[in-house]
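Reader: I would like to learn how to read a model like this one. Can we go through it step by step?

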Amino acid sequence: MARITALTLAEPARVDRARVAAIMAELGETAGQQVICMALEQLAGILGTVETALAADDLARAVAEAERMSRLAWQIGLVSLAGVAMDLGGAAEHGDQPAIAAIRRRLQRVGNGSLTAIWDRAALP
């Protein structure tokens, strides 16, 4: 008899606390919070844009936006989000449709979790 394993659909968001602390130290508490808030707003918008592009089967646009997301996420310490966004490009490069579909869902989960995690850790208003 085959053994069936249930896979969890949740994973903790990895946030580079040192990067967040460096932003706060470099810019000060108020300016640091503003920069992170603006980045979070941009990332939320990019998540929506990637989803829209994938729903429209516009893989080139989805990959371009995911690369943009990866760079921005990395800059503010959202390590797991940056990695998943990069994974989308790799799957697209190989034309791996099942992987693209899985990464699409994972990007939403990790994206939402990452945005919440950094918001909470940075103690943003």
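Author: Apart from neighbours within four places in sequence, Glu65 touches Ile46, Thr49 and Val50. Contact here means heavy atoms within 4.5 Å. The model is predicted: local features need pLDDT of at least 70, side-chain atom pairs count only at pLDDT 80 or more, and totals for chains, interfaces and linings use all residues. Residues are numbered from 1 along each chain as its sequence is written, and side-chain values use heavy atoms, with hydrogens and water left out.

Reader: Where is Glu65 found?

Author: Glu65 sits in helix 3. Helices are DSSP runs of H or I, at least four residues long, numbered from the N terminus.

Reader: Does Glu65 count as buried or exposed?

Author: Buried means under 20% relative accessible area, exposed over 50%, and partly exposed in between, with a 1.4 Å probe and protein chains only. Glu65 has 15% relative accessibility, so it counts as buried.

Reader: With which side chain does the side chain of Glu65 make a polar contact?

Author: A polar contact is a pair of N or O atoms within 3.5 Å; within protein, one must be able to donate a hydrogen and the other to accept it, and residues adjacent in sequence count only if both atoms are side-chain atoms. The partner of Glu65 is the side chain of Arg68, at 2.8 Å.

Reader: At what angle do helix 2 and helix 3 cross?

Author: Axes are lines fitted to C-alpha atoms, for helices over the stretch in contact, and angles run from 0 to 180 degrees between N-to-C directions. The axes of helix 2 and helix 3 (residues 59-75) come within 8 Å and cross at roughly 160°. Helix 2 is therefore roughly antiparallel to helix 3. Under 35 degrees is roughly parallel, over 145 roughly antiparallel, 65 to 115 roughly perpendicular, and the rest oblique.

Reader: Which residues make that contact?

Author: Among them are Ile46, Thr49 and Val50 of helix 2, and Glu65 and Arg68 of helix 3. By class, there are 13 nonpolar, 2 polar and 3 charged residues. Ala, Val, Leu, Ile, Met, Phe, Trp, Tyr, Cys and Pro count as nonpolar, Asp, Glu, Lys and Arg as charged, and the others, Gly among them, as polar.

Reader: How do helix 1 and helix 2 cross?

Author: The axes of helix 1 (residues 17-27) and helix 2 (residues 29-55) come within 6 Å and cross at roughly 130°. Helix 1 and helix 2 are therefore oblique to each other.

Reader: What lies between helix 2 and helix 3?

Author: A loop, with Asp57 in it. Asp57 is exposed, at 68% relative accessible area.

How values were computed
Helices (H or I, at least four residues) and strands (E, at least two) are DSSP runs, numbered from the N terminus.
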